[in-house]
Amino acid sequence: MSARPFMLFCVRFLIFGTEFCVGIFDRDGITFSPAYDMFQDTETFIRVVRSLACNLSIEDIPTVRVFTDVEAQKLTGHTEVYPHVVVSSGDSNPRQWCTIGPPIWTSLSFLGRGTNVWRVREYVVDVNQEPLLRGDMIMKTAWRSSARTPESDIYMSIDQFPVGLAKFECGGDVKYAGYPITMQNLRSHAVHNFLPEGDIHPPTPVLHRLILGTVGRPLWEYTSDFDLLARFRDALQGEHLVWMSRAVRSS
């Protein structure tokens with residue numbers, strides 16, 4: 001799934017001997033279907049193969065919108081191999097964001113947070129202005145545990161941002177049809193079984209998204225030893241302030 005950052009899960013077809021089953025892989029583990037015999041359950045075998053032969057693309061994901069080459073050309077002035085995708089901010093914020101180019105960084109882990117970082121611009125639908133606003137920002141998407149404090153809440157608890165901490169723009173848990181996208185909700189069979197926000201038990205991975213107004217640069221692009229040490233100092237100061245803010249809130 002690291003090659004398809006916006007995929008919420010993937011499906012695999014497993015064959016062992018004369019038997020087969022289907023596995024659904026997501027950020028909370030693997031769910032297997034019952035095993036069938038391909039010779040005794042030939043009809044089921046054919047139906048499964050036929051269903052999985054449809055390879056969904058990024059355009060088929062309901063939580064994102066993908067621009068066509070014509071739309072991308074009109075918005076950015078050029079087309080790229082990697083598609084431009086419009087996504088929501090997360091939480092109840094109505095602002096939308098358009099990815100610019102491929103992700104800056106993507107986690108290769110399977111059962112981890114699945115973090116991916118993008119360069120984005122705000123996308124607005126207004127007849128009086130261009131839809132794609134100037135000024136790049138950073139979008140970070142990851143799966144967090146519902147038992148832990150959301151990263152957006154930590155940012156909002158900070159009154160004064162130090163130099164080394166990225167400026168928080170907006171963000172929160174990503175929702176679809178009014179409900180947070182969680183592994184527990186994705187594995188439910190009916191909409192009325194979805195659990196509302198704040199009532200997730202036992203803990204489950206939740207899709208979380210942050211928009212940061214600070215566009216940094218990689219550490220390996222430092223220009224001098226002083227520049228490198230200054231970046232380390234800024235990072236440590238930011239980490240210290242975050243921990244101090246959390247300690248004050250919990251006291």
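This is a predicted model: local features need pLDDT of at least 70, side-chain atom pairs count only at pLDDT 80 or more; totals for chains, interfaces and linings use all residues.

Trainee: What makes a nonpolar surface patch here, and what is its area?

Mentor: Ile 30, Phe 32, Phe 110 and Leu 111 make this patch, of about 360 Å². One of them, Phe 110, lies in the loop between β8 (105-106) and β9.

Trainee: Why is Phe 110 called partly exposed?

Mentor: Buried means under 20% and exposed means over 50%, with partly exposed in between. Phe 110 has 31% relative accessibility, so it counts as partly exposed.

Trainee: Why does Arg 148 count as exposed?

Mentor: The cut-off for exposed is over 50%. Arg 148 has 61% relative accessibility and therefore counts as exposed. Arg 148 sits in the loop between β10 and α3 (151-156). Its C-alpha atom is 10.0 Å from that of Pro 205, 57 residues apart along the chain.

Trainee: What makes up the largest nonpolar core?

Mentor: That core has 12 residues, including Phe 6, Trp 97, Trp 118, Met 137 and Ile 211. Two or more residues each come from β6 (85-88), β9 (116-123) and β10 (137-145). A second, separate core has 11 residues, among them Ile 154, Leu 165, Leu 212 and Val 242.

Trainee: Which residues are in contact with Met 137, leaving aside its neighbours within four places in sequence?

Mentor: Its contacts include Trp 97, Trp 118, Val 120 and Ile 211, and also Arg 119 and Glu 169.

Note on methods
Residues are numbered from 1 along each chain as its sequence is written. Side-chain values use heavy atoms; hydrogens and water are left out. A nonpolar core is a set of buried Ala, Val, Leu, Ile, Met, Phe, Trp, Tyr and Cys residues joined through side-chain atoms within 4.5 Å. Buried means under 20% relative accessible area, exposed over 50%, partly exposed in between (1.4 Å probe, protein chains only). Helices (H or I, at least four residues) and strands (E, at least two) are DSSP runs, numbered from the N terminus. Contact means heavy atoms within 4.5 Å. Patches are made of residues with over 30% relative accessible area and no salt bridge: like charges are joined within 9 Å, nonpolar side chains (Val, Leu, Ile, Met, Phe, Trp, Tyr) within 5 Å. Accessible areas come from the Shrake-Rupley method with a 1.4 Å probe; for residues, only the protein chains shown count as cover. A salt bridge is a side-chain nitrogen of Lys or Arg within 4 Å of a carboxyl oxygen of Asp or Glu.
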